[in-house]
Each structure stands twice: as C-alpha cells, then as structure tokens.
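Welcome, and please open your viewer.

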Amino acid sequence: MSKIIGIDLGTTNSVVSILENGEPTVITNQEGDRTTPSIVALKNDEYLVGKLAKNQRILNSEGTISSIKRKIGTREEVLLGGKSHLSEEISAKILQKLKRDAESYLGTQVTKAVITVPAYFNNEQREATKKAGEIAGLEVLRIINEPTAAALAYGLNKNISETVFCFDFGGGTMDASILEISDGVFEVKSTSGDTKLGGDDIDQELYNFMLQQEPLNGLSIDNQIKARLMEAIEKAKLELSSAMTTSINIPFLSANENGPIHFEFSLTRSKFEEIILPWVMKTKKSVDQALSDAQLMPKDIDEVILIGGSTRIPLVQQKIKEWLGKEPCKNVNPDEVVAIGAAIQASILAGETEDIVLLDVTPLTLGVETLGGRMTAMINRNSTVTTSVTEVFITARDLQTSVEVNILQGERP
Ligand code: AMP
C-alpha cells in the first residue's frame, strides 16, 4: 500500500511528514528545505509555489498570494495575476507541491493524506480544506486538529500520564487546547481559539507603526513599496526573537524631486513588545476559556507545548509562562510538530501504529434554527466526538406540512 502522508497546511508555511518504522520523518522539499512557504504565484501563465513564489513576490506583488488559509471556507474569490480563483484552488496548488515533494522522496505515487486544521475551524473551513486536497489529487482520509496532532507527536513512544496545554500561535490563527494523555489515549478536554489572529496581524501592526515614521508618513505607498516594507518588517520581527535590537534598512524605497528616498529605522525589542502587546494579550481570552471549559486551574497542567512560528516571540513565551505558571516544553519543534502528528494519525489509519486512541471534541456548538431565527443549541462545544443528541421539536403553525432543518454552528444564539 502506498504511504499516507501527513500534511500541516499552514498559513505561512506548510510541512509534510511520514512515519517510517515508527519514527517520524519530515520530508525535505525540492529546494532542500523542511518547510515550504504557503505562497502561490502566477507568472507567465505558470504557477509557482513555495520558495520560488516567495522569491519573486516583490516584483510580482499582484501575481502573488500568501496567507490564503485566512480565506479558506469563504466564497470570496481571490485575484491572482488578473485571474479569479477560489481559496481552495490556491490551497490545492500548495498541496500539489507537497504531494510531489513526498513522491520524489518516496519514489512512489502518493494519493492519500491526513491534513491538519486549526482546532477552531468551522465545518465550512474543514470541508474547503478537504476539497483543496481533492483538487490536488489527494484523498483526504482525515482532517485533524493541529493541537491534537501536536499532542500526538509529543506523546509518541512515551509512556506518560499527563495533562497537556497546547498553545498554537501561527501566521493567521491561534488555538488553545487542553488534552489528557494516558495509556495511549489522547483525549481533548477543551479547545478554544481565534481563526483570525496570528503573526500576520503582528506584521500589520508593525507596518501601521512604520507608516507613521519619517519619511514614510508623507509617501504614497504602492504595492511594491508595501511588499518591500512587509518583507523587511517580518525579517526584523524574526530577528527580535533572538536580538534585543534590529535595524530596518530599505535603500531606494522611492524617489522624489530631491532624489532617492531610503528608509532606515532602528527597532528595539522593548518598543516592538510595546507595539504588539495588545495582540499578544488577545490570546489570553482563549487560554482562560480553554481552562474554564476543561474545569481546570493552571496548577493542573503538567506540560505546556508551543506550536507555530509566533510562539518564538519572547513576549509570547513570557506571557504563557506567566498565565500557566510553567516553563513551556523545550524539546518540541514548533514548526514541525503538527505535521509529525498528522503522519502519526496517517499511520494509525494505515494500521501501522496501534495502541493510540484519539478522542477529539467539537470546537463549536451545533444546533438548529428555531422560530424567530434563533439557534437552539443541541451539541455543546467541547463534546467528545462522535456524539449524538435527540430532541423533539414541534411545528410553529397548525397544519404545517413541512419543515426546513437549518443546522447552525457557533456560539451566537
Ligand atoms: P506558522 O503558521 O506556524 O508557519 O507561523 C508563521 C508565523 O510565525 C509567521 O507570522 C512568521 O512571521 C512567524 N514566525 C516564524 N518564526 C518566527 C520567529 N523566529 N520569531 C517571530 N515570529 C516568527
């Protein structure tokens, strides 16, 4: 049987992994990297994906798209190089590349995959991710939640009995989930999050700050200038995860009658932290919600696992430690752990890995629409799946001959 691959289809980067003889392998792509930028470009009628797309994005900003995951599951059409696309078509390009990279590593065709999504994705976002897989020629055997995948990877081959807090802060989304791991059973106790909060927002906040500085405040900003600024800003952000200060230097950003305009700015970590603090604090709501839904206190948590690139920001780590009273686990690679978990799930489905049971939950409440356009909740969020609830409803009018059952998902009544 051909291998089932595990894919972390990230907002910023994607990773593909497999389990070989019980050990996880992250597949190196054709460019020689273990992560592939989730960027797609259309240039001269040819699609470029990953590093190739990233490398040309400044000169082809209208023909390049990143962070498509933030639009997945919406009907919104995206313009790429003047052509209209659905978000799942763009995601499919990324999946196609990951499939090809896995095939060239394995030397065989790959047709089946497990793909991860943020725990807080709703049904439409999950279905659209599955559709993207199909377009890419992959049968998506299972969609699993990113924190659950991370916990699987953390607990692999360890005989532990622990309550684990997974904090996932990536490029476009954040999740906070609590799992209990015991005797090979991985049981999700609660999950909470925000599918519109991530490193992209931090970049945007820094960009807004930079626009107020000389000489950008008086400059008209076109797409190319914006792309150059965004690239320099992200680079500065990454540097500030290890350095205390960094400088943003963009020569020949623009020109006016007095000659070329250059941009130079020295950014300290403390200023950076001051700018991004509101975004970091926004994640606390989900941390508190996950704890209260699981009816746990921070002292009940045995281990904290950090997932996603934005957890490399020292301020994020410091806040998590403050909120949970625990130093996060250091021996988990936040970029790869989710794909490895997907590969473990793939090998469970292939019957190669036994003795692991995964009990996940519904992230959002499910209900039906009742009279007055209200949602009557039936399956509350954080119910272990699979589950079923039966309830009798009566018609709204006498002699009514039919009803339309409108199923809703979410917390707003
Ligand atoms: P992910 O979705 O997990 O690939 O995370 C990507 C996000 O993490 C992007 O917003 C990156 O800019 C950010 N990121 C990656 N590495 C770092 C780092 N060393 N410091 C701060 N942010 C980072």
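Begin at the second largest pocket, which holds about 700 Å³ of space. Select Arg-126, Ile-143, Asn-145, Val-361 and Val-385: of the 23 lining residues, these are the closest to its centre. (On a 1 Å grid over the protein atoms alone, a pocket is an open set of points with protein on both sides within 12 Å along at least five of seven lines, and lining residues have an atom within 4 Å of a point.) This is a predicted model, where local features need pLDDT of at least 70 and side-chain atom pairs pLDDT 80 or more, while totals for chains, interfaces and linings use all residues. Residues are numbered from 1 along each chain, and side-chain values use heavy atoms, without hydrogens or water.

Now colour α3 (123-135), β11 (139-145) and β21, the elements that give two or more residues to this lining. β11 supplies the largest share, six residues. (Strands are DSSP E runs of at least two residues, helices H or I runs of at least four.)

Next, follow β21 into its open sheet, ordered β20-β19-β21 with antiparallel pairing. β20 (374-379) and β21 (407-409) are the edges; each has a single partner strand, so one side of each lacks a neighbour in the sheet. Zoom in on β19 (residues 366-370), joined to β20 by five bridges, with Thr-370 partnering Arg-374. (Pairing takes at least two DSSP bridges.)

Finally, select β8 (residues 77-80) and β9 (residues 83-86), an antiparallel pair with four bridges. Leu-80 bridges to Lys-83, and in the hairpin Gly-81 takes a positive phi near 55°.

Terms used: On a 1 Å grid over the protein atoms alone, a cavity is a set of points where a 1.4 Å probe fits but cannot get out, and a pocket is an open set with protein on both sides within 12 Å along at least five of seven lines; lining residues have an atom within 4 Å of a point. Grid points are joined across faces, edges and corners, and a volume is the space filled by probe spheres set on the points.
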